[in-house]
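Here's a friendly walk through this structure, from the build of one chain to the way two copies meet. Have a look at it first.

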Amino acid sequence: MSDQSSSDLLTQKTSRRRFLRDGGIAALAVGVACKAAAPPAAAAHQPNPGQTGGTMGPHDTAAGSTQSAADAMDAMHEKGIKAFPAKTAGEGNQLLAPTMQNGVKVYELTAKKIQWETEPGRMVEAWAYNDQIPGPTIRVKEGDRVRVILHNQLPESTAIHFHGLELPNAMDGVPFITQPPVKPGQSYTYEFTVPNSGSHMYHSHHNSAKQVGLGLLGAFLVEPKTKSEYDSPDVDQVFILNDGAHGYTFNGKSFPATQPIVAKLGQKVRIRFMNEGMMIHPMHLHGMHMTVIAKDGWPVPAPWKCDTLNVAPGERWDAIVNCNNPGTWAFHCHILPHAESDHGMFGMVTALVVQKA
Amino acid sequence: MSDQSSSDLLTQKTSRRRFLRDGGIAALAVGVACKAAAPPAAAAHQPNPGQTGGTMGPHDTAAGSTQSAADAMDAMHEKGIKAFPAKTAGEGNQLLAPTMQNGVKVYELTAKKIQWETEPGRMVEAWAYNDQIPGPTIRVKEGDRVRVILHNQLPESTAIHFHGLELPNAMDGVPFITQPPVKPGQSYTYEFTVPNSGSHMYHSHHNSAKQVGLGLLGAFLVEPKTKSEYDSPDVDQVFILNDGAHGYTFNGKSFPATQPIVAKLGQKVRIRFMNEGMMIHPMHLHGMHMTVIAKDGWPVPAPWKCDTLNVAPGERWDAIVNCNNPGTWAFHCHILPHAESDHGMFGMVTALVVQKA
Amino acid sequence: MSDQSSSDLLTQKTSRRRFLRDGGIAALAVGVACKAAAPPAAAAHQPNPGQTGGTMGPHDTAAGSTQSAADAMDAMHEKGIKAFPAKTAGEGNQLLAPTMQNGVKVYELTAKKIQWETEPGRMVEAWAYNDQIPGPTIRVKEGDRVRVILHNQLPESTAIHFHGLELPNAMDGVPFITQPPVKPGQSYTYEFTVPNSGSHMYHSHHNSAKQVGLGLLGAFLVEPKTKSEYDSPDVDQVFILNDGAHGYTFNGKSFPATQPIVAKLGQKVRIRFMNEGMMIHPMHLHGMHMTVIAKDGWPVPAPWKCDTLNVAPGERWDAIVNCNNPGTWAFHCHILPHAESDHGMFGMVTALVVQKA
């Protein structure tokens, strides 16, 4: 959050510690609050009543060279965090509005090669649906009639597999098993009645290690006919992990360009984890636990709690966070080399910001 | 499925799409049906009533070189799929019949070096029990008295650990902890009363990273004294994953030589996943979900559903598939580089074929 | 166990098999029993009534070179196992007694660079709290007021994150988000009321891929206000996995310097698995199953059984072993290259020793 308006807000804020006055994340909380039209005061890092903030003790003399090396490293760490959430071109997971044709929800997806900015200044070759990574979010209801028209503007053949949907075989999207490949320049139409609810994905199933790695993937969310207590969260967050040619990413971006999840104190956030990568990522949330409610779109027999949720390639996990602890909470893959180097945090790091009302 | 009889069946079949008429997997479904003595019509890819098959749209002109490169890649993909299920020499998991001696079920396992064909034309050095990989399946009942005689014809010492069975310590198979190593040329006899039921494994526990990687492993299945609703499935499938010296394999074979699971519409398939490799493999089934019923041979407190099941080394997971969706369904590890390259599918790919009655 | 006293005990023991008389692990069981002041007889490897030990069959003649190569390999394997549990300098996880100040439990942790012996003769550079790896165990009760004073004697800045505790944001330990970094020579004080119970961790959250990899980690155990049936086990074992710069370790040591878990027949052992590494480790226990009771400190809705428990980085799993099967049981990561090479067992191997009463 480096825009002027939030910086202005920041300088008006009274903070008892110089750290917070200069800190990037303090700015983040304000900036985010600003976006959400909450009063600036909501974002102040106030210790809980009865709790004291940490106290820095006396500073022994360290050797000058050690001190300056430590300062130099810390400056790199601080710079990354101050930049968060950094602006980049392009945003994935944008909700795709269908056109209606005789009661059928029609979605058009164009696959083509683009340049994608994963973090400020880092442009990568990407293969994308509708110029975004992850591709646009398709959100429908169980029982809807849906048509998905794929336009292939890639230099390779492709196809779409609707991962998790229990479709008729001819709609399964596997070239040479359920359909011919969709050649460069061709279009292909899928049409089906949505058979099961939950958090699913769509992605290429042709030369997939490459094509999915380059970005041909998106969320396919199906609201159930009968809503449960979890189906009306205050915040409903798609959270797609990837680790291919674009580096370690959440929703197509790397820290500091990852976007925080923002909620108000007392709200419930539903996080829909989806792993489109090649590695397992144990996602760790600070400050609050997650209550796991669904696996691959299917409700678990009994919700269970954790703060570190292991998400394997192809899996989807839905979890609820009851945002009862205010502050900016680190949220990252706990395979630490996916999240931090001696140059600071990078890759699979974001934050859950819980704003005081 | 490249044998003449299935090809003959294939050419007699009326198919509305050229793709299916030429397709290898269409041949697969017929060929498999043929093996199972089902009428050829059962294998036709008929779209569900009320569902339309995918529709190829108009073909824009792509640059000639792009088109021919895409065609060349697709041809490689098609070739692999047409070859499935490819014939290779050797078949693992063959049920081993015991000899009975005074009420004891006696099994003999000879460990020796062999050549093993993992896919057509790819011969690898293997260390095998009874000349097969995975070794022969031992299937007994809880409470059975069992004797396993190991004959070591390998150039190294070895030993057998019965992974998951809660045996007396002296039968645990760990050299220098519970027994001496079994030297080249020696035999060693294990004898025990089978203490617990479920899906277990036997494998070498000496120089095991090498010996298990080369093939010294097999399934040890124990039927419970009291059967549950899951203990009489229509199809009972051992499914052993490996990723060592032989590449990425299911039951000792790599795609296209992996063997499909075949069931009729309405049948229930029990899949007994076992990971004998060094990596985690999230197994993804298309078209239908799996209901997980047991972990390491122990019933789970409440069965849970998924379409992507993460199987770690040493783990066993039992799952039921209710085959209610006809067709040939891809079934693969979702770490995509274990399943597909730009040369087509390979390694950890097979199919679940659900035939219409 | 190479000390003279246990060897003396060993030679006095009557054993029917030469293997056991010469074996290192037989010595282990005695040695451990000795430590625990149990009668030496308790450790004898007696087969269960009605069970026979394994029987070595006739020895065919193998080629001389094969035989000697096998013997040479076996000698390396035997040497490693005989050395177990090997003595090394330093012991991690030592319970840290607090000082009481006005009702607050005060713990002091000094982070500094040390030399650490992971296995006999292997000294590595380590960054440690209070000169031990894992750092000292902090064990408190839910609701306790706790103060942790960090003294940084490292050449880098650092900070402590209390992984799993749902603390006020200012106590979360993430430099530039919730506090400034603690510079070399500085001290920093955390203070909070312990909000939730279970098996948690504390570790560096600054340059963490390096700092945690080098040893800045420890267990933070919180006893619940209301005890469950699992909260008074006979043996309560912290079990921290790591795989960074120090190699594959359990509680900071590599086999044969890992320490066994020792229990008497009929006792219950609670194992608190914590993964502070970068890889997933499926932990396999021989001879008995584990009943999983908690994930990340939260009780699971229904305990479930397994013999191979997959532990991902950042996760904690609590499991109960009902020690109903006497003997020395291998207990290891089932990614076999983390546990055994052709030079014998190494790294992530230990044993659970169940002594007869």
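Buried residues make up 59% of the 357 residues in chain A, where buried means that 20 or more other C-beta atoms, placed from the backbone, lie within 10 Å of a residue's own. This is a predicted model, in which local features need pLDDT of at least 70 and side-chain atom pairs count only at pLDDT 80 or more, while totals for chains, interfaces and linings use all residues. Residues are numbered from 1 along each chain as its sequence is written, and chains are lettered from A in the order in which they are written.

Chain A has 23 strands and five helices; these are DSSP runs (strands E, at least two residues; helices H or I, at least four) numbered from the N terminus. Of the contacts in chain A between residues at least 6 apart in sequence, 74% join residues at least 24 apart. A contact here means C-beta atoms, placed from the backbone, within 7 Å.

Now for chains B and C. The contact takes 44 residues from chain B and 53 residues from chain C. These elements of chain B each supply at least two residues to its side of the contact:

| Element of chain B | Residues |
|---|---|
| Strand E8 | 187-193 |
| Helix H5 | 208-213 |
| Strand E17 | 298-306 |

The largest share, six residues, comes from E8(B). Two bridges join E8(B) to strand E1 (residues 55-56) of chain C, and the two run antiparallel. Thr189(B) stands opposite Thr55(C) in E1(C).

Note on methods:
Buried ≥ 20, exposed ≤ 12 C-beta atoms within 10 Å, placed from the backbone. Contact = placed C-beta atoms within 7 Å. Pairing = 2+ DSSP bridges.
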